[in-house]
Amino acid sequence: MSLGYYDWLVKVIVLGDSGVGKTNILTQFCDSKFSQNYTATIGVDFKIKILNVQDKKIKLQIWDTAGQERFRNITQTYYKGAYGIIFVYSLIDRNSFNNVEGWIKSILESTTDEVCSILVGNKLDSQDRRVQTAEGEKLAQKYNMPFIETSALENKNIQDIFDRLGQNLKIRLENEGQKVSNNIHTQSGQFKLNQEVNQTEQPTSSCNSC
Amino acid sequence: MAFLKKFFGQKSDQQSSLYKTNLNEIYNKSPFQKKQITSTIQDQKKLEQFELVLEQQIIDLEALKKLTWRGIPNEYRAKVWKLIVKYIPPNHMSQTTILLKKRQDYQQYIKNYYEHMNEQERDENERKIIKIIQNDVLRTQPDYKLFRDPRIQEMFKRLLFIWNMRHPMSGYVQGINDVASPLIVVFLNEYVPIDFNSFDVPSNFDKLPEEILIDIEADIYWCLCKIIENIQDYFTANQPGVQEAYVKIRELIKILDYPLYQYFEDQQIDLNHFAFRWVLCLLIREFPLSLTIRLLDTYLAEGDEMANLHVYTVTNLILKCAPEIKSKNMSEAVIFLQNLPTKEWTEVQLEMLLQEAFVFQDHFEKTKGHLKLNQGNTNRSSIL
C-alpha cells in the first residue's frame, strides 16, 4: 500500500460516548461505507486518510476510541500528541450530548497543548431528535470550536467535518513551520517514520488559531 | 532451547500457511469425497471416545478435558462445556437436581433484576448500562442472522443485564457480549439444531417454547459466569488482567523473536494499538464464529489455566504476523494487525495455532525462573 506524497502527518482522535456513531463517521469518511452493524470498538481502531486542504496534503492518522467509560484508561493514552480532536455526540441521545463536556474536560486535564477541535452532532437522519441545533452551537461556542451536524448513514456533512478540521490544522501547522521535507519519502513513495515526523506527532508549541 | 530452534526452523512454512487460506479452501472443496470419508471415520472415532467418557456414572473430568482440548463434536458440546466449566457435577445422579436448582435460581434473578423493574425504578447507572447493552446486542456477531432474531436479542440483553447486576466489581463491560456469543449458539443447539456454517435462525425456532428458552438462557448465564471468573481482571477498573498479559506477551516476543520486538520498538507500535481487543475478547472478534467455538473447546479444557494459554495463543498469533508486518511502516502494520486475515482461517490453522501456543506454554511455564530473570533485566524502555 503506497501512501503517496503528503506535507504533514497529523494525529487525530475521535471521542464520545458509546454508540454515537464514531466508527460509522470514520468508515464513511475513509472507506465510503456505512453499516448498521459495526461492533462496539474495544480499545482503539486505527485509520489513515490523506486530506487535501487547498494546495496542501495532510495525512491523518485517526484513532477511533472506545466510548465506554471503563476503557478510559486506554483511550487516554492516545490523547498525547493529538493535533486534532473530533468530539461526537448523537442528536437522538441527550446523555451523549450532556457528556460531551466531560470528554472536553478530560482533554483539558490531560494535555496543556491546545488542539484543533470540532464538535459533531451525528444521526441527523433520525426523526427522533433530542438535542437542538442551537444547543450544539452554544456548546461549541463556549469551547471555541466549530460545530457541525452530520449523518454517517446518509453521508451528509461527513467530508465537511474533516475539511473544517483540516483548515484549522493547516493554519496551525503553517504557523509552526514544521513542514516535513520531501526528502524523507523514498522513491517508491513509501514513507519512513523519522524524527521530523515524531516532532509533528508531538507538538511543542500551542495552537492559537483554532 | 534446541527444540525451540528446531521449531522456529519450520516457522516460516507455518507462517506462510497463514496466507494460503484461499487455496486451502479450494482444495477442500474440489476432491471432496475422499476427504469426507476420512473425516467421517475420524469424527466417528471422536464421537465414540466422547460417548465412552460421558456414559460413566461419575465422569472422569480429566479424561474429558483431554479429549475436549482437541475439539468436541457438536452433538456433545453443550453437555461437555457444562461439565468442564463445573456448572454441572460429574456425577450423573446429581446433575438433574443441580441443573434444576440453577435454572430456578436464574428465574428468580429475572424476577428480581429484570421483570419487576420498570424504567423509572432503575437508577441512572442501570439505565445507562442497559442502553449500552441494548446497543451492543444489536451489533454482536453482525455477520450471522441468528443474532438478529428478536427473541435471541431479548434473551441476550436480559442475561447480560443480569450479569451486570450480579457482578458489581466490574459490571457489564463491552466485550463480554462477544465472549457470551458462542455460548448462545452452543446451548441453543442442544434444543434446536443449528447450522454451524451459516448460523441462521433454525426453521423451527419460533416453535421453541418460552420456558425452554429460559432454561437455555440460564445455562448460558451460568456458564458465562464460570468463564469470566477466569478472566475477571480483564474487566475490572484499569484492566489489570490485560496489563499483566501484556507484560508476559512483551517478554515472550522478546525471547522468541527479538527482531520483531525491536521492530515494534523502532516503529513505536504499542500492544494497545491492536492487541487490547484480542486479549479482552478472547480472540473472538478475530475468527469466524465456528472457529471461536472450536477455540473455546480448548480454552475451557484448560480450566483455571485458560487465561495463561490465551496469553501464549495471542503471542503466537503476533509471531505469525511477523513476516507480513516487518516490511511495513507503523500505519500499515497497525492496519494489518487490526484487520487480520484470520477471518478466512480454517480449523486446521486454528488448531496449529493452539498446539504451538501449548508448546510455548509448556516450555516457558516449566522454566518460569528463566522467564522471570529476563523480565528483571529488560523492563525499562519497552515501548511494545
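1. The interface of chain A and chain B buries about 2900 Å², with carbon and sulfur atoms giving 49% of that area; buried area is the accessible area (1.4 Å probe) lost by two parts on being put together, summed over both. Ile42(A), Gln68(A) and Arg70(A) supply 22% of what chain A buries against chain B, more than any other three residues.

2. This is a predicted model, in which local features need pLDDT of at least 70 and side-chain atom pairs count only at pLDDT 80 or more, while totals for chains, interfaces and linings use all residues. Residues are numbered from 1 along each chain as its sequence is written, chains are lettered from A in the order in which they are written, and side-chain values use heavy atoms, with hydrogens and water left out.

3. In contact (heavy atoms within 4.5 Å) are 32 residues of chain A and 36 residues of chain B.

4. Three salt bridges cross the interface of chain A and chain B, the rule being a side-chain nitrogen of Lys or Arg within 4 Å of a carboxyl oxygen of Asp or Glu. Asp93(A) forms a salt bridge with Lys131(B), and their closest N and O atoms are 2.6 Å apart.

5. A search of the whole structure finds four cavities of 30 Å³ or more. A cavity is a set of points on a 1 Å grid over the protein atoms alone where a 1.4 Å probe fits but cannot get out; grid points are joined across faces, edges and corners, and a volume is the space filled by probe spheres set on the points. The largest cavity has a volume of about 50 Å³. Its lining residues (an atom within 4 Å of a point) include Ile42(A), Asp45(A), Phe274(B) and Arg277(B).

Conventions. On a 1 Å grid over the protein atoms alone, a cavity is a set of points where a 1.4 Å probe fits but cannot get out, and a pocket is an open set with protein on both sides within 12 Å along at least five of seven lines; lining residues have an atom within 4 Å of a point.
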